[in-house]
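The following note sets out numbered comments on the model shown below. Please read each point against the coordinates.

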Amino acid sequence: MASQALPKIPILHLSDDALTPGTAFRLSACRDVCHALEEYGCFVADYGNLSLELHNQILEASDELFRLPSEIKMQDPNSTEYVGQKPQFPLYERLGIVNATSWDEIQKFTNLMWPNGNHRFGETAHSFAKLVAGLHQKVTRMVFENYGVEKYCDSHMESTTYRLRFYKYNEVDENESKIGLPVHTDKSFTTILHQNHVPGLEIQNQDGKWIGFEPTPSSFLFMAGDAFMVWSNDRIRPCIHRVMMGANEVRYSIGLATHQKSVMRVPEELIDEEHPLQYKPFDHLGFLNFHISNDYKPRSDSLIKAYCGV
Ligand SMILES: O=C(O)CCC(=O)C(=O)O
Ligand SMILES: [Fe+2]
């Protein structure tokens, strides 16, 4: 009897040494990146530029952060994006640093959490944010190249902001709900996730099947958010995902989400008969506020159309 292969998230090898400009390997990697984003809204980036040392350090930093007393973690949710103890998903806790590629912003966050300072945390968070921002830039450039619109890439990068987010999911006991985070798409342009060994993150393919992300110390899940769909005029689909906790262990995940500061337009090269213009000029930060004023509806396919659809 023919065995049916289980669906898998595409895995792409994106270490620096493999992607020399102009090589056939790079060209095919650019196509693979776009194909995965069009089909799945995501792919697994195997990225050897992340050392095992930094992988361990960022997980230790996460553990140290979430061990802080609740009153410290909860003190300024507007600036730290703190979310926790939500009745709908009680296992989940999050803290974030807006503009995390800036050392000043990292220091501000670190000093808020540790008034006596914590240089090691700051150094680790900054190194990790810069490394993952590099991965974002590399992949975004590959997508722009593949669609023949690389001339817009530099201005896109100049308008990009980076939020570093730390997530913790408590272990489940038998009586608890296993939902770590309900089904949603991200409101970002891209989100890149890296995590410890505890599984739980799942993405939905176009057949509606759930596929688990299998973490390793050098792998990242690169996901398109709603804003990438807008920019690509519906070529790229935002990744539908959720977190389901099954293991009796704590799951730590660290994400870098990108947003655009300036108003974003669909490149004219991406508008044709097959792809008529779907979106008006898009104010990303305005969309985040619109999302908040709509009670954080988790699936925003229709929300984004309501916000900026033509
Ligand atoms: O836990 C994760 O890895 C993903 C978290 C997530 O999807 C989110 O906060 O939007
Ligand atoms: Fe998400």
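1. Of the 310 residues in the protein chain, 37% are buried (20 or more other C-beta atoms within 10 Å of the residue's own; exposed means 12 or fewer, partly exposed in between, with C-beta atoms placed from the backbone). This is a predicted model, in which local features need pLDDT of at least 70 and side-chain atom pairs count only at pLDDT 80 or more, while totals for chains, interfaces and linings use all residues. Residues are numbered from 1 along each chain as its sequence is written, and chains are lettered from A and ligands numbered from 1 in the order in which they are written.

2. The radius of gyration of the protein chain is 19 Å, which agrees with the value near 19 Å for a compact globule of 310 residues (taken over C-alpha atoms; the rule is 2.2 Å times the number of residues to the power 0.38). Along the principal axes, the C-alpha atoms fill a box of roughly 55 × 55 × 45 Å.

3. The secondary structure comprises ten helices and twelve strands (DSSP runs numbered from the N terminus: H or I of at least four residues, E of at least two). Among contacts with a separation of 6 or more, 78% join residues 24 or more positions apart (a contact requires C-beta atoms, placed from the backbone, within 7 Å).

4. The largest nonpolar core has 71 residues (buried Ala, Val, Leu, Ile, Met, Phe, Trp, Tyr and Cys joined through C-beta atoms within 7 Å). Its largest share, ten residues, comes from H6. Cys-42 is one of the residues with the most contacts inside this core; beyond four places in sequence, Cys-42 touches partners including Ile-9, Ile-203, Leu-221 and Cys-239.

5. Leu-131 is also located in helix H6, but counts as partly exposed because it has 18 C-beta neighbours inside 10 Å. Its C-alpha atom is 7.4 Å from that of Leu-50, 81 residues away along the chain.

6. In helix H5 (residues 103–113), Glu-105, Ile-106, Phe-109 and Thr-110 are buried. They cover an arc of only 135° around the axis and therefore lie on the same side of H5 (the arc of directions from the helix axis to the C-beta atoms). These residues pack against helix H4 (77–80), strand S4 (89–98) and helix H6 (119–146).

7. Which strands each supply at least two residues of the shell around ligand 1? They are S7 (190–195), S11 (241–244) and S12 (251–260). The residues around ligand 1 include Tyr-167, Asp-186, Gln-195 and His-241 (C-beta atom, placed from the backbone, within 6 Å of the molecule). The shell divides into five nonpolar, four polar and one charged (nonpolar: Ala, Val, Leu, Ile, Met, Phe, Trp, Tyr, Cys and Pro; charged: Asp, Glu, Lys and Arg; polar: the others, Gly among them).

Technical notes. Two residues are in contact if their C-beta atoms, placed from the backbone, lie within 7 Å.
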